[in-house]
Amino acid sequence: MESNPYVFIISDSVGETAELVIKAGLSQFNNGEFKIQRIPYVDDKTTIDESLQLIKEKKGMVGFTLVDPDLRNYLNKQAKSMDIEAIDIMGPMLISMEEVFKMKPRLEPGLVHKLDEDYFKRIEAIEFAVRYDDGRDPRGISRADIVLIGVSRTSKTPLSQYLAHKRIKVANVPLVPEVDPPGELFDLDPEKCIGLRISPEKLNDIRKERLKALGLGDHATYANMQRIQEELNYFNTIVSKIGCEVVDVSNKAVEETANIILKMLRK
């Protein structure tokens, strides 16, 4: 066998799927020392003809992923007539799946790549939510898709994470009367900021339970109604100053609040 023989990859997308399969096979031969060349975004017969001519000259073989049945059949036929070894990676699988599922495939190139992009956007949003949680870094305010503001125990962190799984970059900022909010908050487009309102009674119940979970008495200032009212008044002052929308989270699960926010974003 010729040293470092050529293996070509023809794809109607970037060719990543085909290359992974080809490399898995090649690892069993010649210590994997092959020359691999991708020919991506092939969507017409002329390009197939030109590619096969090149492969013939290089005495190579080809693995391909083409979802269009017409192009698949054409490549198979032309490769056979030119005595080129061609491996149809996608075709047999699609045919079998169509038989078993009793469904027609979408025949859209690059769907795996789109799914990968979707995955990485979600991971990026999750990392963003962690980095800019609880007002840790005010730089996140201007970089976020939305900014959640509210007093302690209004579900800012779980909401940020839930929305991050929808590929939305969320920063959240706690509002405490003794601490001035970051200046960046008032430079923000009000439509990108959402206040989380809660009733004093509900917040009192949540904070008492939180103190119990920490093994502390429920009479601490944290759960004191006078203190809670002071914090909520401060929240109303900041929200009015920013001019942002407000969502009442008093009797809502995180999923319910998130869906309300998603609808607001779509508008």
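**Figure 1. Salt bridges, starting with Arg38 and Glu19.** The structure holds 12 salt bridges, each being a side-chain nitrogen of Lys or Arg within 4 Å of a carboxyl oxygen of Asp or Glu. This is a predicted model, where local features need pLDDT of at least 70 and side-chain atom pairs count only at pLDDT 80 or more, while totals for chains, interfaces and linings use all residues. Residues are numbered from 1 along each chain as its sequence is written, and side-chain values use heavy atoms, with hydrogens and water left out. The close-up has Arg38 and Glu19 joined by a salt bridge at 2.4 Å, N to O. Arg38 belongs to strand 2 (residues 35–39) and Glu19 to helix 1 (residues 16–26), so this pair ties together distant parts of the chain, 19 residues apart. Helices (H or I, at least four residues) and strands (E, at least two) are DSSP runs, numbered from the N terminus. Glu19 is buried, at 14% relative accessible area, whereas Arg38 is partly exposed, at 35%. Here buried means under 20% relative accessible area, exposed over 50%, and partly exposed in between (1.4 Å probe, protein chains only).

**Figure 2. A salt-bridge network that includes Arg227 and Glu231.** The side chains of Glu231 and Arg227 meet at 3.0 Å, N to O. Both residues sit in helix 10 (residues 225–242), and because they are four residues apart there, about one helical turn separates them. Glu231 and Arg227 are both buried. Shared partners extend the picture: salt bridges join Glu178, Arg207, Arg227, Glu230 and Glu231 into one network.

**Figure 3. Charges over rings: Arg207 with Tyr222, and Lys241 with Phe186.** A charge sits over a ring if NZ of Lys or CZ of Arg is within 6 Å of the ring centre and within 35 degrees of the ring normal. Arg207, a member of the salt-bridge network, lies over the face of Tyr222, 4.5 Å from the ring centre. In the other pair, the charged end of Lys241 sits over the ring of Phe186, at 4.5 Å from its centre.

**Figure 4. Two aromatic pairs.** Rings of Phe, Tyr and Trp (its six-membered ring) pair if their centres lie within 6.5 Å; planes under 30 degrees apart count as stacked, over 60 as edge-to-face and the rest as tilted. By this rule there are two pairs. Tyr6 and Phe8 have ring centres 5.6 Å apart and planes at 20°, so they are stacked. Both ends are buried, with Tyr6 at 18% relative accessibility and Phe8 at 0%. Phe128 and Tyr132 make a tilted pair, 4.6 Å centre to centre with 55° between the planes. Phe128 and Tyr132 are both buried too.

**Figure 5. The second largest pocket, with Tyr6 among the residues nearest its centre.** On a 1 Å grid over the protein atoms alone, a pocket is an open set of points with protein on both sides within 12 Å along at least five of seven lines, a cavity is a set where a 1.4 Å probe fits but cannot get out, and lining residues have an atom within 4 Å of a point. Grid points are joined across faces, edges and corners, and a volume is the space filled by probe spheres set on the points. This pocket holds about 340 Å³ of space. Its lining counts 18 residues, and Tyr6, Val7, Gly60, Met61 and Glu85 lie nearest the centre. Strand 1 (6–11), helix 1 and helix 2 (45–57) each give two or more residues, and helix 1 gives the largest share, three. By class the lining has 12 nonpolar, two polar and four charged residues. Ala, Val, Leu, Ile, Met, Phe, Trp, Tyr, Cys and Pro count as nonpolar, Asp, Glu, Lys and Arg as charged, and the others, Gly among them, as polar.

Figure 6. Searching the whole structure turns up one cavity of 30 Å³ or more, and the largest cavity has a volume of about 30 Å³. Helix 6 (139–143) and strand 6 (170–174) give two or more residues, with strand 6 giving the most, three. The lining divides into five nonpolar, three polar and one charged. Asp137 also pairs with Arg139 in a salt bridge, 2.6 Å from N to O, and Asp137 is buried at 17% relative accessible area.
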